[in-house]
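Please consult the sequence and structure shown below while reading.

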Amino acid sequence: MGSFTNPQRIINKEFDVYAQSAAATTNQVAKTVASMRADIAKQKLYTDKLQVVDDNKEFSLRTSLNEVGTTGNAILDENILAFWNDKVDDYFQIKNAMTDGTLSRQEGNRALAQIEGLVPSFKSMVNVLATNSATFKEDVANGKVSSVGSIENKSILNRIGQGGNVGIVERNGRLYFFAPEENGEPEALINGTELLAQSNGGVPMYQKKPDLTTNYTEIFNAVVKPEDVTSKYVEPITIEKGQKHPITGEPMNNLEAGYQYTYRTITKDNRDIAIKDLVNSPAVATMAGNDDMMARVWQDEIADGKFNEETQMWEPPNSIGAISQRLNLDPEMFKDGWHQYAEDMTEEERQALDNNQNAVMREYLGNKIYNDNSVMDNTMKFVKKEPYNPNANDEQTGDTYYTKTVETVYDFFQNPIDNANLMVNSTIKYNGSDVVINDVKINEEGKVELIKYDYSLDSGTDGELVNKETVITTFDPNDPIDKAKLVRMRQEGIGGKSKDNVLAANKAVELYPVYAEKMAKEKQLSKEKESQAGGFGNFVDDQDYRKWKTNNKLSDIKDDEELRILKNNQKLQQILFDSTTEKKITKAMINEAEHEAMKEVLEYRKLMGKVK
């Protein structure tokens with residue numbers, strides 16, 4: 001086994017030797033003059049060596065500053081160089097003052113230590129500024145910088161990145177970065193010590209706008225479940241060629257006859273329910289509880305809103321102003337910071353502010369999440385295409401599909417002009433060919449005409465586009481047998497000339513007179529109650545009238561000009577708002593007045609080319 005040396009034993013032996021030597025007694029017995037002088041010389045030599053080591057610090061100071069690095073801003077780098085040149089000069093002046101005795105060693109060393117202490121922290125400050133100014137410049141270019149946070153920090157970072165003037169000032173051993181007011185930039189000051197403290201604590205110099213796209217999608221999928229067949233918001237819709245698109249109301253003539261198409265969509269009613277459920281969901285409540293994130297959403301993402309004097313409404317609909325107005329809150333709440341309070345606010349006022357802002361935020365998030373993610377809102381998602389079976393039962397009504405054709409034709413003939421939309425742009429089979437109906441008219445003999453337009457360039461009108469009108473066929477509105485012909489044309493236009501569909505068309509033709517007679521009897525029986533039920537003219541009851549509105553896309557009018565037409569209809573406004581009349585206002589009277597106003601809207605749409 002090898003031996004080893006115990007360090008403590010060595011120390012013990014050396015101590016014993018030293019203690020027994022003459023050198024060990026020089027501090028205890030009288031010394032000779034020579035020994036005393038030698039001792040003094042040793043003491044001075046040792047102190048001089050300490051002094052030399054200390055004095056050499058001034059030569060390393062400038063070298064240390066060369067390691068500070070660059071900020072990327074030439075002007076700031078020049079200011080840094082000038083600042084530190086002054087500090088080096090101060091350093092030499094202090095050293096000289098200490099040497100010639102005009103400044104005590106104690107005071108001088110304190111001043112020197114203060115200068116030396118600036119160097120390492122300054123290196124860190126420059127690194128923080130250089131790094132942040134580079135990312136800040138990129139984030140500004142990409143529109144990612146949040147309005148939340150210190151304007152002074154942003155101003156100095158912006159000036160560093162743009163080559164602006166930023167200087168350094170030292171006061172009482174602390175470094176400050178200062179920029180004067182110029183070129184539209186405000187006066188700005190950053191405390192270097194606080195800058196480092198915040199950087200070490202993970203506090204950013206500026207905030208970025210939140211990107212919650214992924215979060216929004218996850219919440220939407222969890223609540224609405226758009227791809228789940230059990231979703232209570234998504235409904236299946238089955239359509240055949242020529243039937244109305246349930247969203248746009250336009251006939252779907254681009255579909256292939258003889259086939260049935262299934263789509264999935266979120267109806268308007270289900271849309272409203274889905275948004276309400278999102279607003280009240282735990283996920284949205286949790287997101288709204290993240291104050292750091294919501295402060296940026298509040299200031300950067302949600303529009304403040306603008307008040308429209310004409311409509312007396314705040315716009316756009318998902319702005320703070322508009323949401324607040326809907327919730328009967330202060331619509332100018334956007335002027336307040338997210339959960340920020342004035343010093344003189346009571347605890348109750350602060351709580352009320354929090355509650356109101358939270359309510360607006362949840363409403364915003366619910367609408368935002370839905371609108372950004374619902375691909376089936378106001379549109380339809382294709383599911384499948386399968387052969388059309390006219391004898392199958394409709395899942396919603398339980399009736400056969402050809403029965404729907406009978407009902408549609410019957411509704412059309414009740415008022416061919418008002419219900420023209422049930423036929424216009426749809427395809428019928430006429431003389432073996434598919435023909436698209438462009439218009440419906442009543443001729444001088446009182447017969448119903450189905451019209452086809454051919455647009456062409458006519459040399460007789462200097463090359464202008466002319467509309468050549470062709471009457472496809474006519475029907476006697478008083479003859480159920482004659483009207484039943486349209487049932488066949490319509491059914492064959494939907495399902496084609498397959499054997500099953502031809503047989504279904506025959507059944508539909510036979511069914512039409514029976515159905516018409518049945519409806520006539522029901523209509524007669526309801527005449528006595530039509531006033532209370534909202535019926536008038538050719539409309540059996542309120543439900544019948546509302547069906548007409550739905551068919552003509554008049555149930556949910558949003559166009560400003562169309563709303564103005566309704567507002568300016570004197571008869572409708574008098575019935576709705578004139579409280580001086582002694583006449584009892586019934587649902588039928590309201591419907592009849594509204595019907596006249598709605599026909600004005602349809603005329604406006606036709607004039608503007610919105611309908612043919």
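The sections below describe salt bridges, a charged surface patch and selected backbone features of this predicted model.

## Salt bridges within helices

The count of salt bridges in the model comes to 15. One of them joins Asp292 and Arg296, with the closest N and O atoms 2.9 Å apart. Asp292 and Arg296 are separated by about one helical turn, because they stand four residues apart in helix H11 (residues 291-301). Asp292 is partly exposed, at 43% relative accessibility, whereas Arg296 is buried, at 10%.

A salt bridge also connects the side chains of Arg546 and Asp542, at 2.9 Å from N to O. Helix H18 (residues 542-551) holds both Arg546 and Asp542, which are four residues apart, about one turn of the helix. Here Arg546 is partly exposed, with 44% relative accessibility, while Asp542 has a relative accessible area of 16% and is therefore buried, the limit being under 20%.

Lys441 and Glu469 form a salt bridge through their side chains, with an N to O distance of 2.9 Å. This pair links distant parts of the chain, 28 residues apart: Lys441 belongs to strand E11 (residues 439-442) and Glu469 to strand E13 (residues 464-475). Lys441 is partly exposed, its relative accessible area being 29%. Glu469 is likewise partly exposed, at 43% relative accessibility.

## A patch of negative charge

On the surface, a patch of negative charge brings together Glu343, Asp344, Glu347, Glu348 and Glu349. Of these residues, Glu348 is found in helix H13 (residues 347-373). Glu348 has 59% relative accessibility and so counts as exposed, for which the value must be over 50%.

## Backbone features in loops

Most peptide bonds are trans, and most residues other than glycine have a negative phi. The bond from Glu315 to Pro316 is cis, with omega near -5°. Pro316 is located in the loop between strand E7 (313-315) and helix H12 (320-326).

Asn328 is not a glycine, and its phi is positive, near 60°. Asn328 is placed in the loop between H12 and H13, and it counts as exposed at 73% relative accessibility. Asn431, also not a glycine, has a positive phi of about 55°. The loop between strand E9 (427-430) and strand E10 (433-436) contains Asn431, which is exposed with a relative accessible area of 68%.

How values were computed. Residues are numbered from 1 along each chain as its sequence is written. This is a predicted model: local features need pLDDT of at least 70, side-chain atom pairs count only at pLDDT 80 or more; totals for chains, interfaces and linings use all residues. Side-chain values use heavy atoms; hydrogens and water are left out. Patches are made of residues with over 30% relative accessible area and no salt bridge: like charges are joined within 9 Å, nonpolar side chains (Val, Leu, Ile, Met, Phe, Trp, Tyr) within 5 Å. Accessible areas come from the Shrake-Rupley method with a 1.4 Å probe; for residues, only the protein chains shown count as cover. A salt bridge is a side-chain nitrogen of Lys or Arg within 4 Å of a carboxyl oxygen of Asp or Glu. Lys and Arg count as positive and Asp and Glu as negative; His and the chain ends are not counted. The place of a charge is taken as NZ of Lys, CZ of Arg, CG of Asp or CD of Glu. Helices (H or I, at least four residues) and strands (E, at least two) are DSSP runs, numbered from the N terminus. Buried means under 20% relative accessible area, exposed over 50%, partly exposed in between (1.4 Å probe, protein chains only).
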